[in-house]
Amino acid sequence: MTPRERVWAALRGEPVDRPPISFWGHFYHRESSAEELVDATLEFHERYRWDWVKLNPRKHYHVEPWGVRYRYPGVPNQKPTLSDWPIRSGDDWAKIGERPHDAGALGEQLEAVRMLRRRLDPDVPMIQTVFTPLAILGEMTQTPGELRGHLSTHPALVRAALEAVTATFERYVRAVLDAGADGIYFATVDWAERSLMSAEDYRTWARAWDERILAVATGAPFNVLHVCRDDTLVRELADEPVAAISWAAGTHGNPGLGELKAVTRAAVMGGIAHEGALQSSDAAALMRELDQGYQATGGTRWLVAPSCSIPPTTPAAQLERLRAAVDARPSMSTPA
């Protein structure tokens, strides 16, 4: 099968020659322009021959239009640090209006999507990272807890900001798909974690705006919902209209691959902890994680992937072991 055929079949729960596999992470010193980001992304893809590419922009691209700034040391593997943000008090939400979807950092990312699609093998699907509207607002404060407090103290201003951000990203997502992406990787970041939001809170402050973004992406074949962190609301979000769900399967408070697969029509994406055995030299432990994924899914309706973005220091040998092991091992059963 070609990578595209394999990914599409896995998403539909059809037979595959083997599960598709892909990994992704930041290139901190190579994320500040479309060309550098695409160069780094393609080098990583070509080294491991992943079945799909998730474009992994710099952490804050989506909030740069509203004044968020990070300081980059320019050193490989070293994270940038927050240097400026627009929301210092609840009243500041009144400043958050719509922004052009195709200028500044958003325009740069549209160019990255176009460039990557031109240079990537047409048989390899690609998706672009987009964050949920509430997650975007959460990046405008110094800490997530500040926005959490403003939901109670300044609800009308926060809702108006959510409307402005959602309208901006509705236009942006349309442009991302027009630029050649096969879908979006729609990330909640902190905002579907039970320590921050209850299921009722999420319905009140996130679900309707999330669904507006996903409605724009309807028709794209490869939309993915990524629910970050441990102890999340991923079960409550398992009915979202996406092709696949990505999460930290089996960690504290989270369902395993098989458990979520049983209650969603989406394919399951993950199975390899991004900060577990992958970061060691322990080949046996890594293979156990992979084996558990096969046992939980039968190798169908499953895309082998990390639980979250992998650190740039991830040992190449571990990635190579995973890639070779998946190549050598077909699916175990007929579709589920």
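Predicted model: local features only at pLDDT ≥ 70, side-chain atom pairs only at ≥ 80, totals over all residues.
For a chain of 336 residues, a compact globule would have a radius of gyration near 20 Å, and the protein, with 19 Å, agrees with that. The C-alpha atoms fill a box of roughly 55 × 40 × 40 Å along the principal axes, and 57% of the 336 residues count as buried. If we take the contacts with a separation of 6 or more, 74% of them come from residues 24 or more positions apart.

Let me turn to one helix, H5, which covers residues 144-153 and in which Leu147, His150 and Leu151 are buried. Seen down the axis of H5, these buried residues fall within an arc of 110 degrees, so they line one face of the helix. They pack against helix H4 (133-138), helix H6 (155-178) and helix H7 (199-217), whereas on the other side of H5 we find Ser152 and Thr153 exposed.

Now to the charged side chains, for which a search of the whole structure finds 31 salt bridges. In one of these, Asp327 pairs with Arg18, with the closest N and O atoms 3.0 Å apart; Asp327 sits in helix H10 (residues 316-328) and Arg18 in the loop between helix H1 (3-12) and helix H2 (34-48), so that the pair links parts of the chain 309 residues apart. Asp327 is partly exposed at a relative accessible area of 38%, while Arg18, at 7%, counts as buried. Both residues also belong to a network of salt bridges that includes Arg6, Asp17, Arg49, Asp51 and Arg323.

A second pair is Glu139 with Lys59, where the closest N and O atoms are 2.9 Å apart, and this one joins the loop between H4 and H5 to the loop between strand E1 (53-55) and strand E2 (69-71), across 80 residues.

What the side chain of Arg301 does have is a polar atom 2.8 Å from the backbone oxygen of Ala266.

Conventions:
Residues numbered from 1 in each chain as written. Heavy atoms only, no water. Polar contact = N/O pair within 3.5 Å; in protein donor to acceptor, adjacent residues only side chain to side chain. Buried < 20%, exposed > 50% of the residue type's maximum accessible area, 1.4 Å probe, protein only. Helix = DSSP H or I, 4+ residues; strand = E, 2+ residues; numbered from the N terminus. Arc of directions from axis to C-beta. Contact = heavy atoms within 4.5 Å. Rg over C-alpha atoms; globule rule 2.2 N^0.38 Å. Salt bridge = Lys/Arg side-chain N within 4 Å of Asp/Glu carboxyl O.
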